[in-house]
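Hi,

Here is the structure I promised to pass on.

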Amino acid sequence: MAGSGVFEEIIDGDVFKYYSEGEWKKSPSGKSVSIINPTTRKPQFKVQACTQQEVNKVMETAKIAQKQWAKTPLWKRAELLHKAAAILKEHKAPIADCLVKEIAKPAKDSVTEVVRSGDLISYCAEEGVRILGEGKFLVSDSFPGNERTKYCLTSKVPLGVVLAIPPFNYPVNLAVSKIGPALIAGNSLVLKPPTQGAVACLHMVHCFHLAGFPKGLISCVTGKGSEIGDFLTMHPGVNCISFTGGDTGIAISKKAGMIPLQMELGGKDACIVLEDADLDLVASNIIKGGFSYSGQRCTAVKVVLVMESVAYTLVEKVKAKVAKLTVGPPEDDCDITPVVSESSANFIEGLVMDAKQKGATFCQSYKREGNLIWPLLLDNVQPDMRIAWEEPFGPILPVIRITSVEEGIHHCNASNFGLQGCIFTRDINKAMLISDAMETGTVQINSAPARGPDHFPFQGLKDSGIGSQGITNSINMMTKIKSTVINLPTPSYTMG
C-alpha cells in the first residue's frame with residue numbers, strides 16, 4: 001500500500017511530501033495537487049504544491065552536494081547505485097500499486113516496470129565504471145608542423161546539476177533512465193515527476209534515500225507546471241535537462257539557453273508492410289506494438305502502411321486478434337485499460353470522429369466509457385484525416401493502403417515526427433534500403449517499434465527529439481571532456 005511500511009515517512013496525513021536536503025518535507029505553501037485515478041476518475045493521491053522558493057533552495061543544495069559527489073570514487077558511486085537498485089526491486093509491490101492507481105497501467109506490467117528500472121540502475125553502475133574509468137592520451141606530433149612537445153590527457157567530468165523530467169507513461173523507468181546515468185557520472189539530480197505518476201516517483205526516490213546517497217544530491221519537487229515548470233527549466237542553476245514527453249519539450253528547448261538537452265518528444269511510428277511479409281507475424285506485432293498499454297507509448301505503432309495486395313488479408317488477421325483483447329480495469333491485468341485522463345480520451349475521440357466524418361472504415365464499433373476506450377482499427381484511412389498524422393496516444397490504429405514502397409516511405413518522412421518505424425518483409429536487402437530511406441531515429445525490421453533493451457541507443461529526428469538516450473549515450477551526454485595539456489620544452493639536442 002502506498003505510503004506504508006518503509007515509506008511511512010514520505011506522507012503527512014493524506015499528502016505526500018517532497019524530497020530535499022535528504023529529508024521529506026511539506027511545502028510552506030500549504031497547498032497540494034490532486035492526482036486523479038484514471039479508472040475511477042476520482043482523486044486518489046495528493047502531492048505537495050512546491051513553490052519557486054523551494055526550487056531555489058533545492059538548486060542551491062544540489063550545487064553544493066554535486067561538488068563533493070564528483071570527488072567520490074567511481075566504485076563508491078556504483079556501490080550506492082547497486083544498493084538503490086536492490087531496494088527498489090525489493091519494494092516493487094507498493095510502487096507497482098501506485099502505477100496501477102495513478103496511470104492505470106496493468107498490474108503485471110507495473111511490476112515489470114519497477115523490476116526493469118532496478119536492472120537499469122545496476123547496468124548504469126557497471127557501464128559507468130567502465131567508460132568513465134578510461135581516458136585518452138594524445139601527443140602533438142601526430143598533427144603536421146608540430147614537435148613532440150605536448151601531451152594531452154582527456155577524461156570525462158560531470159556537468160553539474162541535471163534536471164530530469166519523465167513522462168506519465170513510464171514514470172519510474174524513464175526517471176531512473178535519467179537518474180542512473182546522472183549520478184554515476186558525478187552529477188546531482190533534481191527530479192520533477194509528472195503529476196500522474198508522481199507518487200510512484202516519490203516511492204522510487206525513497207529507495208535512493210534508503211540506499212544512503214549524500215544529502216542534497218537527489219531532490220524531487222512536485223507541483224503545478226504553471227507555478228514551477230518554466231522556473232525549473234530556465235533556472236540558472238541547471239546545467240543539463242533530460243526530458244521525455246510531448247510538445248512541452250519543444251518549448252523547453254527554446255527557453256533553456258546554452259545547456260545540453262536530451263529530449264524525446266513522441267512519434268508517429270509507421271509500420272510498412274510489403275507483399276512478401278509474414279502476415280501472421282505482422283498481425284501479432286501490430287497488436288503488441290499498437291495496443292499494449294492502450295497505445296500510450298511513444299514507440300507504439302501509430303500508422304500501418306500496407307501494400308494494397310495484402311491489405312485485406314492483414315486487416316482481417318488484425319481484426320481477429322483485436323476481438324480477443326480484454327478491456328477493463330488495470331487491477332484485472334486487462335489488455336486495454338483507461339487512458340490517463342479525460343482530456344486524453346476527449347482528444348482521441350476527436351480523432352475518431354474526424355476519421356468517421358471523412359469516410360474511414362471502422363473495423364469495430366467505437367465505444368467509450370469515461371476514460372476507457374475500446375480498441376479500434378480504422379481501415380482505408382486517407383491523408384486528409386487527422387489520425388493519419390497526429391499521435392493519438394490511445395488504442396486507435398489507422399491503416400493506410402499503399403500501392404508502392406515509395407508511397408509508404410513518403411508518408412513516413414512527411415511526418416513532423418521521426419522517432420521509430422518498422423518494416424515487415426522477407427527480403428533483407430529491401431529492408432535495409434527502406435531503413436536507409438526512412439527519416440527516423442530507429443528502424444525495426446520484422447518487429448514492432450520498441451525502446452530497449454535499455455542499453456540500446458534511443459533517439460528521434462525532427463520533432464521527436466534532440467540527442468540520444470540509452471545508458472551509454474546518456475552517461476556520455478551528462479559529462480563533458482576535460483583536457484589537461486603538458487607542455488615540454490623543445491629538445492636542444494639531436495637524438496642519435
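Below is what turned up, starting with surface charge and ending with the backbone. Keep in mind that this is a predicted model.

Charge first. On the negative side, D109, E331, D332 and D333 form a surface patch. One of them, D332, sits in the loop between α10 (308–322) and α11 (342–357). D332 counts as exposed because its relative accessibility is 54%, and the cut-off for that label is over 50%.

There is a positive patch on the surface as well, made up of K63, K67, K480 and K482. Two elements, α1 (52–69) and β28 (479–487), each give two or more residues to this positive patch.

Now the backbone. As a rule, most residues other than glycine have a negative phi, and most peptide bonds are trans. Here are some spots that go the other way:

- G452 and P453 are joined by a cis peptide bond, with omega at about 0°. P453 is in the loop between β23 (442–445) and β24 (458–459).
- N446 lies in the loop between β23 and β24. N446 is not a glycine, yet its phi is positive, near 60°. With a relative accessible area of 30%, N446 is partly exposed.
- E21, also not a glycine, has a positive phi of about 55°. Look for E21 in the loop between β3 (18–20) and β4 (23–25); its relative accessibility is 24%, so E21 counts as partly exposed.

Cheers

Key. Residues numbered from 1 in each chain as written. Predicted model: local features only at pLDDT ≥ 70, side-chain atom pairs only at ≥ 80, totals over all residues. Heavy atoms only, no water. Patch = residues over 30% accessible without salt bridge, like charges linked within 9 Å, V, L, I, M, F, W, Y side chains within 5 Å. Areas by Shrake-Rupley, 256 points an atom, 1.4 Å probe, with all protein chains shown as cover. Salt bridge = Lys/Arg side-chain N within 4 Å of Asp/Glu carboxyl O. Lys, Arg positive; Asp, Glu negative; His and termini not counted. Charge placed at Lys NZ, Arg CZ, Asp CG, Glu CD. Helix = DSSP H or I, 4+ residues; strand = E, 2+ residues; numbered from the N terminus. Buried < 20%, exposed > 50% of the residue type's maximum accessible area, 1.4 Å probe, protein only.
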